[in-house]
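This report describes selected structural features of a single model, arranged by region. Please consult the sequence and the coordinates alongside the text.

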Amino acid sequence: MAQTINRNFTRWIVIVASFIIISLILWNTYVFFQHFKAEERTKMENWSYALTTLIESSDDAEIEVTSRIIESNTTTPMILLGPNNNIDSMRNIDTLKVASSKQYLEKLRTTFENENAPIPVVINGQLYNTIYYGNSPLLNKLKYYPLALLLIIFLFAAVAYFFYKSSRTADQNKLWTGMAKETAHQIGTPLSSLVGWTEILRSEHVNPDYLVEIEKDITRLQIITDRFSKIGSVPKLEKSDIVEVTIDSYEYLKARSSKLIDFEISAPNDVMMVDLNKQLYSWTIENLVKNSIDAMKGKGQLKLAITNDGRYVNIKVSDTGKGLSKQKFTTIFQPGYTSKKRGWGLGLSLAKRIIEDYHDGKIKVLSSEIDKGTTMQISLKILS
């Protein structure tokens with residue numbers, strides 16, 4: 001418990017520290033962008049002053065200095081318009097596009113006006129020109145730098161998350177395999193002994209009816225052992241009629257369940273062939289049916305329906321139990337989740353593993369309402 005608390009505390013420290021670092025980077029980038037933008041504004045105002053001086057001045061030395069200032073702008077795109085909106089000058093702009101389309105010029109002018117306030121060139125109290133200028137390529141790159149940074153951080157976090165998730169899944173798979181094989185081994189030893197004792201009892205002329213029931217239980221234990229051994233390795237799939245297998249599993253549970261449960265089944269007469277491992281699939285049906293019985297507290301209506309949509313066969317198990325909230329539709333399939341006081345929370349996670357990992361199918365909560373019931377659905381691809 002203490003380790004879990006420390007792990008969660010460390011995780012929150014990392015999250016908060018990461019958030020603070022990202023916020024500081026973004027804030028510093030914003031401040032630098034605004035500072036750089038102000039410097040470009042000052043540069044363009046100096047350019048405007050140099051233009052005014054160039055027009056008014058008759059001193060050759062002064063003209064040379066102002067000309068150099070004007071020519072020094074090699075990055076900032078700008079348009080110099082006269083009082084009648086005629087183009088007097090352009091710098092750092094594709095002149096061919098401007099010459100071929102007036103709409104391009106108007107669009108460029110509007111863009112520049114939105115990015116920066118135009119600078120009027122006033123001589124002797126009258127408007128002589130207006131300077132429309134946009135952000136330089138460097139400023140534009142700087143503007144999108146925070147987005148690029150966030151994208152990099154997001155990708156890095158995604159890679160770290162999927163690496164962590166895959167590592168955790170691999171560890172869980174190892175645990176599943178180890179537990180399954182050990183369980184199969186532990187059951188196998190007393191099972192062999194029970195088979196031997198059955199033969200001894202038969203030789204002692206014990207009531208045959210007793211032996212039949214014992215052999216049924218032994219067969220059941222052998223099936224359970226076989227299931228666990230298949231969970232610990234990749235099971236073999238065989239072409240099987242899913243309708244027949246489903247009905248057999250359902251009827252087996254019906255005969256061994258409370259008489260207060262109203263069992264109902266709706267299945268087509270057609271044969272539906274799918275790639276199936278009968279033992280594991282039967283285990284899934286048993287888990288769904290037993291969960292439904294527990295949800296109804298041993299009393300209610302339980303219905304199983306088999307339908308065919310052309311590509312998939314859908315097996316629906318519906319009950320009239322306590323139902324689920326939508327937030328738990330995916331949570332119930334996580335290992336360890338259970339609403340029972342003495343449950344391990346492995347039944348539905350096993351069912352999900354069997355259907356999705358081994359049979360390449362889907363299992364989900366199709367619908368559920370609190371105090372009205374739940375419908376689970378298994379979907380498997382039909383063989384052509």
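Contact here means heavy atoms within 4.5 Å. Angles run from 0 to 180 degrees between N-to-C directions, with axes fitted as lines to C-alpha atoms, for helices over the stretch in contact. Helices (H or I, at least four residues) and strands (E, at least two) are DSSP runs numbered from the N terminus.

The model is predicted: local features need pLDDT of at least 70 and side-chain atom pairs count only at pLDDT 80 or more, whereas totals for chains, interfaces and linings use all residues. Residues are numbered from 1 along each chain as its sequence is written, and side-chain values use heavy atoms, with hydrogens and water left out.

Strands β6 and β8 run parallel and are joined by 6 bridges; F263 has L302 of β8 as its bridge partner. By contrast, β8 (residues 300–308) and β9 (residues 312–319) pair in the antiparallel sense over 7 bridges. Along this pairing, K303 stands opposite S318 in β9, and A305 stands opposite K316 in β9. The hairpin of β8 and β9 has 3 residues between the strands, and G310 takes a positive phi near 105° there.

## Helices α8 and α9

The axes of helix α8 (residues 278–295) and helix α9 (residues 347–358) come within 9 Å and cross at roughly 145°. This crossing is left-handed, a term that applies if the near helix is turned anticlockwise from the far one by less than a right angle. From α8, the contact is made by L280, Y281, W283, T284, N287, L288 and N291, and from α9 by G347, L348, L350, A351, I354, I355 and Y358. By class, this contact has 10 nonpolar, 4 polar and no charged residues. Ala, Val, Leu, Ile, Met, Phe, Trp, Tyr, Cys and Pro count as nonpolar, Asp, Glu, Lys and Arg as charged, and the others, Gly among them, as polar.

## Two positive-phi loop residues

K297 lies in the loop between α8 and β8. Its phi is near 55°, a positive value in a residue other than glycine. K297 counts as exposed because its relative accessibility is 75%; buried means under 20% relative accessible area, exposed over 50%, and partly exposed in between (1.4 Å probe, protein chains only).

D360, in the loop between α9 and β10, likewise is not a glycine and has a positive phi of about 55°. With 66% relative accessibility, D360 counts as exposed.

## The four-stranded sheet

A further open sheet has 4 strands in the order β2-β1-β4-β3, with antiparallel pairing. Its edge strands are β2 (87–91) and β3 (119–123), each pairing on one side only, and the twist averages 20° from one strand to the next. Strand β3 is joined to β4 (residues 126–133) by 5 bridges in the antiparallel sense, with T130 in β4 as the bridge partner of P120. Helix α4 (residues 102–115) packs on the sheet and touches β1, β2 and β4, its direction making about 105° with that of β1.

T76 is placed in the loop between α2 (60–71) and β1 (78–81). T76 counts as buried because its relative accessibility is 0%. The side chain of T76 makes a polar contact of 3.2 Å with the side chain of K43. A polar contact is a pair of N or O atoms within 3.5 Å; within protein, one must be able to donate a hydrogen and the other to accept it, and residues adjacent in sequence count only if both atoms are side-chain atoms. Not counting residues up to four places away in sequence, T76 touches E40, K43, M44, R91, N92, Y133, G134 and S136.

N135 is in the loop between β4 and α5 (137–203), and counts as buried at 6% relative accessibility. Its side chain is joined to that of N116 by a polar contact of 3.3 Å. N135 and E40 are 95 residues apart in sequence, with a C-alpha to C-alpha distance of 8.2 Å. With residues up to four places away in sequence not counted, N135 touches K37, E40, P77, E115, N116, N140 and K143.

Terms used:
Pairing = 2+ DSSP bridges.
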